[in-house]
Amino acid sequence: MLNIQAAAQTRGRPKEHRIGLAIAGGGPIGGIYELGALRALDEALEGVDLNDLDVYVGVSSGSFLAAGLANRISTAEMCRIFINSESLEHPFSPEMFLRPAFFEYLKRAATVPSALLAALKTILGNPFNIQLGEALGDLGRIIPTGLFDNQRVDTFLRHVFDAPGRTNDFRELRRKLFIIAVDLDSGSTVKFGAKGFDRVPISKAVQASCALPGLYPPVEINDRHYVDGVLRRTLHASVALDEGVDLLLGINPLVAFDSKLRRKRGKTDGRALIEGGLPVVLSQTFRTLIHSRMQVGFGKYEKRYESSDLVLFEPDADDAEMFFINVFSFASRKNLCEHAYRSTMRDLRDRFDVLDPLLRRHGIALKREIVFDTSRGFETGIEKPKGGAQALRQELSRTLDDLQHALTDSSHERRRA
């Protein structure tokens with residue numbers, strides 16, 4: 001599903017338009033969907049480099065991808081790393097993010113004696129009017145704050161960003177990158193990468209942005225604790241728009257499932273959502289809350305940012321492949337990435353006549369021969385790794401890109417002078 005919000009008015013724009021990308025959260029499955037959509041855009045758009053946009057904003061699983069793009073990791077390389085597990089440079093195993101948080105378990109276990117004593121005092125303090133809720137409240141602090149260990153997020157990304165030509169320091173990036181998290185102690189939004197929060201390593205900021213309460217423990221940074229940035233907003237597109245971008249591309253994988261729409265389109269599978277039990281009910285509830293909140297915020301952008309064009313990519317409301325996939329099943333990530341790629345290409349075909357003129361205002365065009373080639377998949381343009389030579393070629397390519405960008409920036413500075 002493609003949502004286009006054209007600028008209400010055209011401001012006096014410079015020759016080089018500013019382009020931003022905002023990638024929402026959505027857990028591991030949402031991240032895989034977003035990668036498939038990004039791969040399609042990478043192939044379909046001409047005149048823009050997804051590794052050289054002006055502003056990147058990432059939330060939760062979207063922060064993985066935003067940080068990777070800002071570090072000039074191509075969508076092809078990210079597919080090799082996260083989907084096909086073919087990267088020789090950065091071997092990836094999905095299970096590394098699903099290991100129990102043993103340290104958190106032990107830390108909470110150490111509080112059991114004092115918590116039991118507090119509960120016992122509550123009961124004995126008023127034995128004839130026992131308030132079970134108060135006693136259970138005393139025991140609440142022994143429950144772990146997260147099931148899985150998210151320290152490996154920081155460890156893995158630190159290794160990726162320490163490679164030649166990349167950086168784990170916001171201040172050393174060529175383009176602006178903002179990673180969104182929520183301060184647990186105040187409930188306020190924090191923009192890692194903004195002034196005052198740019199000394200935090202990018203890998204640690206991503207770890208904080210992905211710390212969904214219940215699944216992962218809050219992340220401590222400089223004596224503060226941070227959790228998933230989705231708790232406040234879904235896309236945080238305003239962060240990029242506040243930077244003055246002329247065109248904002250957004251990707252949001254969380255859309256409430258509409259079974260009535262699916263039946264109306266003749267795609268009946270005979271199942272009601274209630275038959276999926278608690279996981280499906282919770283998933284639909286979470287998606288409905290998140291998506292309705294995003295729609296309200298997105299609607300306000302038309303007046304607040306009336307000089308900016310917005311293009312938002314989302315799954316269709318009747319996309320059962322996206323909704324019913326097991327959130328913990330990484331085995332189907334390749335099929336989901338392929339599904340997202342083809343769905344995005346279909347959206348580009350369906351809205352080609354509207355989207356292409358809008359993009360051309362920003363010096364971008366849709367590649368007709370790519371968009372209308374229905375035989376393409378996300379792996380079509382991805383080279384297979386070829387041992388050490390492949391890694392050497394990638395490093396050389398990054399070095400040449402650095403040199404080209406440095407010369408371009410120098411030329412622009414001389415023209416301004």
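D183 and R224 form a salt bridge, with their closest N and O atoms 3.0 Å apart; the term denotes a side-chain nitrogen of Lys or Arg within 4 Å of a carboxyl oxygen of Asp or Glu. Because D183 belongs to strand β5 (residues 176-183) and R224 to strand β8, the pair ties together parts that are 41 residues apart in sequence. Helices (H or I, at least four residues) and strands (E, at least two) are DSSP runs, numbered from the N terminus. D183 counts as buried at 5% relative accessibility, whereas R224, at 32%, counts as partly exposed. Here buried means under 20% relative accessible area, exposed over 50%, and partly exposed in between (1.4 Å probe, protein chains only).

The model is predicted: local features need pLDDT of at least 70, side-chain atom pairs count only at pLDDT 80 or more, and totals for chains, interfaces and linings use all residues. Residues are numbered from 1 along each chain as its sequence is written, and side-chain values use heavy atoms, with hydrogens and water left out.

**Salt bridges**

A search of the whole structure finds 20 salt bridges.

| Pair | N to O distance |
|---|---|
| R376 and E43 | 2.7 Å |
| R171 and D169 | 3.0 Å |
| D183 and R224 | 3.0 Å |

R376 and E43 are both buried. In the second pair, R171 is partly exposed, with a relative accessible area of 44%, while D169 is buried, with a relative accessible area of 18%.

**Buried elements**

All nine residues of helix α3 (residues 75-83) are buried; among them are E77, R80 and F82. Just after α3, S85 takes a positive phi of about 50 degrees.

H236 is placed in the loop between β8 (224-228) and α9 (237-241). With 3% relative accessibility, H236 counts as buried. Apart from its neighbours within four places in sequence, H236 is in contact (heavy atoms within 4.5 Å) with V57, V59, I180, T189 and G229.

**Ring and surface features**

K191 lies over the face of F178, at 5.9 Å from the ring centre. For such a placement, NZ of Lys or CZ of Arg must be within 6 Å of the ring centre and within 35 degrees of the ring normal.

V281 is part of helix α11 (residues 277-304) and, at 32% relative accessibility, counts as partly exposed.
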